[in-house]
Amino acid sequence: MKPVFYTVSLLAAILLMSYNIPNTNNLNKDITMKNSKKQDSVLRHVVLFKFKANTSKEDIAKVEAAFSALPSKIPQIVGYEWGINNSPEGLDKGFTHCFFLTFHSEEDRAIYLPHPDHKAFGAVLTPHLEDVTVVDYWTK
């Protein structure tokens, strides 16, 4: 009877110990998924402009061109697009222009913000700007 008891006890101990061994396959998969998500995530910088009522179309075009030139001057900008509001909802509060920049890191954005070419753009924009809204976020 003792050999059967020892055999059953040994099997039970082995079984219980197997539950305490971490599953490295799932652990590695979780780490890979977290790293993949981090690598896939980018920093978006969204800027909305509301121009002064007396701003001419020519001056607005100069602002558009000056902003559109920034990606060729500031290599930290890895994505850029812009457009004019055409929402039918009437919730724009007078903001007409949306500029959408992409950065790989907060460090890249930190280089962009005080960059001399960004400051020069501000000089073109400021005389015509009534209001601005900026939202930055990490993509999910």
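This is a predicted model: local features need pLDDT of at least 70, side-chain atom pairs count only at pLDDT 80 or more; totals for chains, interfaces and linings use all residues.
For the protein I noted a mean pLDDT of 84, with 72% of the residues at 70 or more.

Next I looked up aromatic rings. Searching the whole structure gave nine aromatic pairs.

I took Phe-67 and Tyr-80 as one entry. Their ring centres are 5.9 Å apart and the planes make an angle of 40 degrees, so I logged the pair as tilted, between the cut-offs of 30 and 60 degrees. Phe-67 sits in helix α3 (residues 57-73) and Tyr-80 in strand β2 (residues 79-84), so the pair ties together parts 13 residues apart in sequence. I checked accessibility as well: Phe-67 is buried at 1% relative accessible area, whereas Tyr-80 is partly exposed at 24%.

I then turned to Trp-82 and Phe-99. This pair is stacked, with 5.5 Å from centre to centre and 15 degrees between the planes. Trp-82 belongs to strand β2 and Phe-99 to strand β3 (residues 97-103), so this pair ties together parts 17 residues apart in sequence. Trp-82 is partly exposed, its relative accessible area being 33%. Phe-99 is buried, at 0%.

Last, I asked which residues the ring pairs link into a cluster. I listed Phe-49, Phe-51, Phe-67, Tyr-80, Trp-82, Phe-99 and Phe-121.

Technical notes. Residues are numbered from 1 along each chain as its sequence is written. Side-chain values use heavy atoms; hydrogens and water are left out. pLDDT is the predictor's confidence in each residue, from 0 to 100. Rings of Phe, Tyr and Trp (its six-membered ring) pair if their centres lie within 6.5 Å; planes under 30 degrees apart count as stacked, over 60 as edge-to-face and the rest as tilted. Helices (H or I, at least four residues) and strands (E, at least two) are DSSP runs, numbered from the N terminus. Buried means under 20% relative accessible area, exposed over 50%, partly exposed in between (1.4 Å probe, protein chains only).
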